[in-house]
Amino acid sequence: MSLPLIGNILSIDAQEPWSTYTQWHAAYGELVFTRILDQKVVVINSQHVAQALMDKRSRIYSDRPYLATLEPFGWLVNFAFTGYGDEWRLCRRLFHQSFRPDSALKFRPMQMRRAREMIVNLIDDPQHYHSHFATFSSSVAMSVVYDYQPSARDDPLIRVVENALDIALQVLTPERAILLKAFPFLLKLPDWCWGSSIKRDARISTNHANEMTDIPFRYAQQHMGENFLGQLSMVAENLQRMEKQDEASKPMFETALKKAATTAILGSYETTTSTLMAFVLAMVSYPDVQRRAQMEIDSVVGRDRLPTFEDRASLPYVESVLREALRWHPILPLGVPHATSSDDMYEGYFIPKGTTVICNTWAISRDEKRYPNASNFMPERFIDVNGALTDDDPAGYVFGLGRRGCPGRYAADASVWSAIVTMLATVYFSPAKDDQGKVIDFTPQFTTGLTHSVLVFPCNISPRSHVHSGLVDIFRTEA
Ligand code: HEM
């Protein structure tokens, strides 16, 4: 039996497609079939079905849909978009060696150090808080992948990544991919011809993407002997391994290593920053939550030292704040699309080979039965009557599922926790006020299209009362 066909491209909200799919969930159920131009698409609206297909049948559901923009725009370097095959397997294996749970544990001292360095920046220069979050996110990844230590502000290598991302997020939209798939000749038009701007954009994007791949890689090659991290970086470790391989396999290995490295930087940058932005929006909008989390830290850790990972198990409320920050505004509300690599039947429905499969994380995170008043920030939903954490952890779906599930999630979890707990221990977030002392009203704004990320909003960040300048000097030297 075929799944009933719902909607078409014109009925899907281009800015927030997850909203349309969530309305379909209410009307048509957990599994919905649609067609976007000539592409068959299945939308999964529940964690239960996502697990049944993407996880339990991951052999079939781990491919990626074809994106016509990737190659011309220089974005084949991102293995998150690579099809399910040998090249993806090699990239993923290289990535996994550095980021699997026991390897990621080794990053913790560096993550904590970077979180404290971020506090110094937040206190010195609070209005650029987004930029300090971005520096924190990318500096953790740059250290692990290239053993590169970016400067706290205006770092040249971080700029290279930002340049590539700035253009990519504008041009790598599904609309461009569909346009180019339908009209590939657009890439061959002469420069003076109407419609040739896509070709120009593709050239600029490819140059930026090549710089982003090659410049930090060269840095790692040239500085292999130096070792700030206390362990070899992902690139250095694998370059050493490569030296022992036969000449014929080296080029393929080096290409895969470059892709794994670039994807780690790309995977970290937006996601971690965006989760921290959601956290700050929550702290400003829900002052009682902030107070309760700070009281927990003060009573467990005290005020004369900073929290460390050893305190984590004794801070369940802070843990529930992290879970709620991941659930409240998931950065990838539709995950990253999967595709089927062979035909399948599920509960009597036929799902053909080549179908794009979208997991609607937004619908799962906004399910009113599971999360009453889902649009409110309520960490208590993850705490049971005895004050212990419940079994419901949004990490089970916000990081995707199955063989393509986020392999950076252990590093991401530790980065976000170290940043959140250190901020709660040291600074206080409150609504910004104007020159007359009146609170500046604002309506939160978010990025749209592919990602859902809180945009910068007016916010006051000040050191907590016990955080005097002497203590900040200590963070400065520690950092
Ligand atoms: C809060 C932070 C993060 C969130 C919410 C997140 C979420 C996701 C999601 C939803 C996917 C797609 C999964 C799927 O297809 O089912 C993904 C893929 C991926 N993520 Fe993350 N991520 C985060 C942080 C990171 C970090 C820090 C790294 C790198 C260190 C990373 C590296 C990757 C990679 C390499 C993939 C592609 C996996 C593949 O296609 O095989 N992510 N992430």
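Residues are numbered from 1 along each chain as its sequence is written, and side-chain values use heavy atoms, without hydrogens and water. In this predicted model, local features need pLDDT of at least 70, side-chain atom pairs count only at pLDDT 80 or more, and totals for chains, interfaces and linings use all residues.

**Exercise 1.** Classify the ring pair Tyr-129 and Phe-457, then locate both residues.

*Solution.* 
- Step 1: recall the rule. Rings of Phe, Tyr and Trp (its six-membered ring) pair if their centres lie within 6.5 Å; planes under 30 degrees apart are stacked, over 60 edge-to-face, the rest tilted. The structure holds 15 aromatic pairs.
- Step 2: apply it. The centres of Tyr-129 and Phe-457 are 5.8 Å apart and the planes stand at 70 degrees, so the pair is edge-to-face.
- Step 3: locate the residues. Tyr-129 is in helix 6, and Phe-457 is in the loop between strand 7 (427–431) and strand 8 (459–463), 328 residues apart. Helices (H or I, at least four residues) and strands (E, at least two) are DSSP runs, numbered from the N terminus.

**Exercise 2.** Classify the ring pair Tyr-286 and Trp-328, and state whether each residue is buried or partly exposed.

*Solution.* 
- Step 1: check the geometry. The centres lie 6.1 Å apart and the planes at 80 degrees, so Tyr-286 and Trp-328 are edge-to-face.
- Step 2: recall the burial rule. Buried means under 20% relative accessible area, exposed over 50%, partly exposed in between (1.4 Å probe, protein chains only).
- Step 3: apply it. Tyr-286 has 24%, so Tyr-286 is partly exposed. Trp-328 has 5%, so Trp-328 is buried.

**Exercise 3.** Which residue forms a salt bridge with Arg-57, and where do the partners lie?

*Solution.* 
- Step 1: recall the rule. A salt bridge is a side-chain nitrogen of Lys or Arg within 4 Å of a carboxyl oxygen of Asp or Glu. By this rule the count is 22.
- Step 2: find the partner. Arg-57 pairs with Asp-344, with the closest N and O atoms 2.9 Å apart.
- Step 3: Arg-57 is in the loop between helix 2 (47–55) and helix 3, while Asp-344 is in strand 4 (residues 344–346), 287 residues apart.
- Step 4: Arg-57 has 28% relative accessibility, so Arg-57 is partly exposed. Asp-344 has 10%, so Asp-344 is buried.

**Exercise 4.** Which helices tie together through Lys-258 and Asp-214?

*Solution.* 
- Step 1: check the bridge. The closest N and O atoms of Lys-258 and Asp-214 are 3.2 Å apart.
- Step 2: place the residues. Lys-258 lies in helix 11 and Asp-214 in helix 9, so the pair ties together parts 44 residues apart in sequence.
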